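Please look over the sequence and the structure before reading on.

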Amino acid sequence: MMSIKEVTEITGISASALRYYESEGLLPYVKRNETGKRIYDQEDLEWIHFTTALRATGMPIAQIQEYVNLYKEGDHTISIRKK
């Protein structure tokens with residue numbers, strides 16, 4: 001598990017951007033410890049990299065949100081997500 005500071009060092013993404021991505025639902029599985037601080041794992045890092053890659057293509061936040069929501073619905077949405 002990693003703190004937000006560690007993730008910013010690994011990814012180069014600011015803490016405020018990470019908090020924004022989470023608040024917009026782009027990082028769907030970020031957990032919190034007993035004091036409420038965010039804790040990140042490898043899956044979260046993968047979502048961060050994926051989200052930033054989509055943003056780099058110019059994809060709007062709303063479309064990324066839609067993708068994440070489809071992902072959370074399960075494998076039956078794979079064909080829709082590919083489109």
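## Basis of the report

The model is predicted, so local features need pLDDT of at least 70 and side-chain atom pairs count only at pLDDT 80 or more, while totals for chains, interfaces and linings use all residues. Residues are numbered from 1 along each chain as its sequence is written, and side-chain values use heavy atoms, with hydrogens and water left out.

## Overall form

The chain contains 5 helices and 2 strands, in the order α-α-β-β-α-α-α from the N terminus. Helices (H or I, at least four residues) and strands (E, at least two) are DSSP runs, numbered from the N terminus.

Buried residues (under 20% relative accessible area, with a 1.4 Å probe and protein chains only) make up 33% of the 83 residues.

## The nonpolar core

A nonpolar core is a set of buried Ala, Val, Leu, Ile, Met, Phe, Trp, Tyr and Cys residues joined through side-chain atoms within 4.5 Å. The largest one has 17 residues, and Val7, Leu18, Leu27, Tyr40 and Ile48 have the most contacts inside it. Helix 1 (4-11), helix 2 (15-23), helix 3 (42-56) and helix 4 (61-73) each supply at least two of its residues. Helix 3 gives the most, with 4 residues.

Ile48 is in contact (heavy atoms within 4.5 Å) with Val7, Thr11, Ile13, Leu18, Leu27 and Tyr40, not counting residues up to four places away in sequence.

## Thr11

Thr11 lies in helix 1 and is buried, with a relative accessible area of 18%. Its side chain makes polar contacts, meaning pairs of N or O atoms within 3.5 Å, one able to donate a hydrogen and the other to accept it; residues adjacent in sequence count only if both atoms are side-chain atoms. The side chain of Thr11 reaches the backbone oxygen of Val7 at 2.8 Å, and a polar atom of that side chain lies 3.1 Å from the backbone nitrogen of Ile13.

## Helix 4

Helix 4 has 13 residues and spans 19 Å from its first C-alpha to its last, close to the expected 18 Å, which is 1.5 Å times one less than its number of residues. Ile61, Ile64, Val68 and Leu70 are buried in helix 4. The cover over its buried residues includes helix 2, helix 3 and helix 5 (78-82). Gly74, with a positive phi near 115°, follows helix 4.

Conventions
Buried means under 20% relative accessible area, exposed over 50%, partly exposed in between (1.4 Å probe, protein chains only).
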